[in-house]
Amino acid sequence: LQEDVHDAFVAALTEAAAGTVTGDLSEENALYGPLNNAAQLERVAGFLARVPGHAKVLTGGERVGERGYFFAPTVVDGLRQDDEMVQDEVFGPVITVQTFSDEADAIAKANGVRYGLSSSVWTSDHGRAMRVSRRLDFGVVWVNTHIPFVSEMPHGGFKHSGYGKDLSVFGLHDYLRVKHVMHYIGE
């Protein structure tokens, strides 16, 4: 978050997360269901158990209920670039918050991780959105949204987020063996 909006945004984010219901998806109010398995629940809980002293869990951070693999919507503020939850993928209902001072700082922090699957840019300035998108080292960049998938567009990451693309015609490239034959017919 840009430093100027941090306090107001984090207050609203924390309130929204605290009001989010996790549970059996047959329940009308449940927004999301359980984690995939016991190992993933343990992994997510481990990240929260290791939150550094300079960071703060604002809401959530624990298992929900005694049955199933439900984990509370969690907001963690005050993390630094080299902290584990910034550098590794949590794959759970956890949002981490960092601040940036300007556009260059935001790009440096975003690119300063080993993974590069997807990112999003939130701005009302179209020129900034295009400029930042160009500089982000991620396989997918969404502008003013996050996680819409369409079959016509490739999906896949850079760096340690894997190899190749799925969805779209680009997903077929790994199954092809392209051969270029050029024959000069002339004198």
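## A cap at the start of helix α5

A polar contact is a pair of N or O atoms within 3.5 Å, and within protein one of the two must be able to donate a hydrogen while the other must be able to accept it. In this predicted model, such a pair is found where Asp125 caps the N-terminal end of helix α5, with a side-chain oxygen lying 3.0 Å from the backbone nitrogen of Gly127.

## The buried face of α5

Which residues of α5 are buried? They are Ala129, Val132 and Ser133. When one looks down the axis of α5, its buried residues fall within an arc of 105 degrees, so they line one face of the helix. The elements that cover these buried residues include α4, β7 (118–121) and β8 (140–143).

Ser133, which has its place in helix α5, deserves a separate description. Its relative accessible area is 19%, and this residue counts as buried because the cut-off for that class is under 20%. A polar atom of the Ser133 side chain lies 2.7 Å from the backbone oxygen of Ala129. If its neighbours within four places in sequence are left aside, Ser133 is in contact with Val121, Val141 and Val143.

## Salt bridges between separate parts

Side chains of opposite charge can pair when their charged atoms come close. How many salt bridges does the count come to? The count comes to five salt bridges, and one of the pairs joins the side chains of Glu84 and Arg50, with a distance of 2.9 Å from N to O. Glu84 lies in helix α3 (residues 84–87), whereas Arg50 lies in the loop between α2 (38–49) and β3 (56–59), so this pair ties together parts that are 34 residues apart in sequence. Both partners are partly exposed, Glu84 with a relative accessible area of 30% and Arg50 with a relative accessibility of 46%.

Another salt bridge is formed by Arg128 and Glu103, whose closest N and O atoms are 2.8 Å apart. Because Arg128 lies in helix α5 (residues 126–135) and Glu103 in helix α4 (residues 103–111), the pair ties together parts that are 25 residues apart in sequence. Here the two partners fall into separate classes of accessibility, since Arg128 counts as partly exposed at 35%, while Glu103 counts as buried at 17%.

Asp105 and Lys109 both lie in helix α4, where they are four residues apart, which is about one turn of the helix. Asp105 counts as partly exposed at 22% relative accessibility, and Lys109 is likewise partly exposed, with a relative accessible area of 26%. Elsewhere, salt bridges that share partners join Glu103, Arg128 and Arg131 into one network.

Methods:
Residues numbered from 1 in each chain as written. Predicted model: local features only at pLDDT ≥ 70, side-chain atom pairs only at ≥ 80, totals over all residues. Heavy atoms only, no water. Salt bridge = Lys/Arg side-chain N within 4 Å of Asp/Glu carboxyl O. Helix = DSSP H or I, 4+ residues; strand = E, 2+ residues; numbered from the N terminus. Buried < 20%, exposed > 50% of the residue type's maximum accessible area, 1.4 Å probe, protein only. Arc of directions from axis to C-beta. Contact = heavy atoms within 4.5 Å.
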